[in-house]
Amino acid sequence: MNKKYNIEKDRRYLQLLSRTFPTVAEASTEIINLQAILNLPKATEHFLADLHGEYEAFQHVLKNASGNIKRKVNELFGISLRESEKRDLCTLIYYPEEKLQLVKDGEKDIKDWYHITLHRLVAVCRDVSSKYTRSKVSKALPSQFSYIIQELLDERVEDKNKAAYINGIIDTIIATGRADDFIIAICNVIQRLTIDQLHILGDIFDRGPGAHKILDLLSGYTDWDITWGNHDMVWMGAAAGNKACICTVIRLSLRYANLATLEDGYGINMVPLATFAMEHYGDDPCEEFMPRLTNDHSFINEKTINLIAKMHKAITVVGFKLEAELYSNHPDWNMQERRLLEHIDYDKGTITIDGNEYPLSSCKFPTIDPKHPNQLSPDELDLIQKLHHSFSVSEKLRKHTKLLLSHGGMYGIYNNNLLFHGSIPLNDDGTLKEVEICAGHRFSGINLMKEIGRLVRSAFQNDTTDKEKQYAIDYFHYLWCGANSPLFDKAKMTTFERYFIKEKTIHKEQKGNYFKYRDREEICDYIMDSFGVTGSNRHIINGHVPVHAGDGESPIKANGKLMVIDGGFSEAYHKETGIAGYTLVYHSRGFQLVQHEPFTSTKDAIERGTDIKSTIQIVEMSSNRMHVADTDIGKDLRVQIADLQELLYAYRHGYINEQEQ
């Protein structure tokens, strides 16, 4: 009786489902297929955080799957290949186009090389594809070689009856001049299949020069997601038209001498700023604003460095003024005390903060009227309008912002793991803190993250009121540096102090309660409970605060419940962290944390076969291998199976008729 009631209730849905599976035979076949998928090994997830524009290192980590491809090559070929041969094979898989050219320049018997290499690549591809369905592998294959690759993957050369068949296929590929194209295609398939799902825990932007290249690379991927970081948010704010955010992204770019992302990546015209800086700061050495240079900046001459410093100071002062306007417009943010230009004694060259007076390292502010310190000068107003226009018409920035919106959010829950970039605001007693948004509305925990996500998206929609949209645009700045922002979660951002006050004690940015309590297992459990994360092996995974591995700090906290995977991808952080980033790998056997050493260069990787040296830490391993049935996908598949079983019942009991083929 109950079954009949369910059929009647779900009849419209079942009729729609019957269009896809019009017969008992087709519905039964799909149930068998889905049930089989549940028994496949769990696919591999990779988690990375705080990439900060390091495109070459990120690209290499993707290409080598955090060392997984090298490990598979070693397992497959062991001592049957010399180390140099295995290294060359790995380099070919990572950079097929470039490596092929080097091989052809030096190989005497290229046909023999093709034959040997194609067999080896097929073996690697067969191994990495073994945990996927035939359908999924087929979808990953390039159309021009799909049939051939599937044939090679399905057959084994050890089968004497098939050996001639396989060799015949490979001989024909070589004879028809398609070997190069085929090698490139199968290498790309190996790369894609080694990583099933890519999770990025924020901060693609700033410091390094290749954030736009990272997003271009990700645009070609399907199975990836991002939990937004504070540096992503300030760029999204700039794209939305927040003028304070525009100043911030330019300031950070100049601080690290990174004009490539602005000019080459997004076509932002820096000429107006350069002209303005030379006019107003031409005789100012701007010592506090000298860019932080790395080995990659050896091409920059002293004249350019001095110009960058002047541009850096110019946009910073404009930014302080625009921030003060936001703080005045939004008293609910409680940031009025950060209107620091009002607290400067321009005659004495001092500033008063929290009742204490500090001397300024420099008090040259040619565009500031001491009587109205937060008012933009006519030239500054003209400058910010030009910069605002340049950001608003950047098609590439608009495209990348849409990409971040479509693949991202404030948090994510995947396979019993709670992902977010920075923190969950907490009270002094460790309970979830209520945060005020839009004057009077208070949210905490998961509801806070959802509301922020909704607000961020409303800044780019036209179906909201002008007032709500403007608040959303303004709020990007609060998310960047507000005390209760989950992406920042510090008492204040001491940007002014670090530029102009030598007393380092005032540079300190006191962290929020989340960072005080995150080492405690019961607090992590409390947060996961509040987000509805279940399971005996659940975890919180986040980035934002670099782990000082060189000083012995562990990224694994709260008895394994929390994993902090910001290991310093950015070259600017290498000395601070002692390493060059982490990848957390979650495969069917459990979690492994891969600790990377600095990447030399793509050129070295191609020409000399250098690879990122990585150390694997076993974080949590399971005695039983996990299967698709143990994952979120498994839950979805079981629902689909239940629906199909109900459809079968409806067919067999006459509630719905099979459709003739």
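Predicted model: local features only at pLDDT ≥ 70, side-chain atom pairs only at ≥ 80, totals over all residues.
**Figure 1. The largest cavity and the residues around its centre.** The count of cavities of 30 Å³ or more comes to one. How much space lies in the largest cavity? The value is about 240 Å³. Its lining is made up of 21 residues. Those closest to the centre are Phe 320, Glu 323, Tyr 327, Met 493 and Thr 495. Rolling a probe the size of a water molecule over the atoms is what shows where such empty space is left.

**Figure 2. Helices that line the largest cavity.** Which helix gives the most to this lining? H18 does, with seven residues. That helix runs over residues 302-329. Helix H15 (243-255) supplies at least two residues of the lining. Helix H22 (466-481) and helix H23 (495-500) each supply at least two as well.

Figure 3. The lining of the largest cavity includes 12 nonpolar residues. Five lining residues are polar, and four are charged.

**Figure 4. Lys 72 in helix H5.** Lys 72 sits in helix H5, which covers residues 68-77. Is Lys 72 buried or exposed? The relative accessible area of Lys 72 is 16%, and buried means under 20%, so Lys 72 counts as buried. Leaving out residues up to four places away in sequence, Lys 72 touches Asp 127 and Val 128.

**Figure 5. The whole chain, for orientation.** The protein chain has 28 helices and 17 strands. Its radius of gyration is 28 Å, close to the 26 Å that the globule rule gives for 661 residues, so the chain is as compact as a globular protein of that length. Along the principal axes, the C-alpha atoms fill a box of roughly 90 × 75 × 45 Å. Of the 661 residues, 56% count as buried. Among contacts with a separation of 6 or more, 72% link residues 24 or more positions apart. The chain exposes about 29900 Å², and carbon and sulfur atoms supply 47% of that area.

Technical notes: Residues numbered from 1 in each chain as written. Heavy atoms only, no water. 1 Å grid on protein atoms, 1.4 Å probe; cavity = no way out; pocket = protein on both sides within 12 Å on 5 of 7 lines; lining within 4 Å. Points joined across faces, edges and corners; volume = space filled by probe spheres on them. Helix = DSSP H or I, 4+ residues; strand = E, 2+ residues; numbered from the N terminus. Nonpolar A, V, L, I, M, F, W, Y, C, P; charged D, E, K, R; others polar. Rg over C-alpha atoms; globule rule 2.2 N^0.38 Å. Buried < 20%, exposed > 50% of the residue type's maximum accessible area, 1.4 Å probe, protein only. Contact = heavy atoms within 4.5 Å. Areas by Shrake-Rupley, 256 points an atom, 1.4 Å probe, with all protein chains shown as cover.
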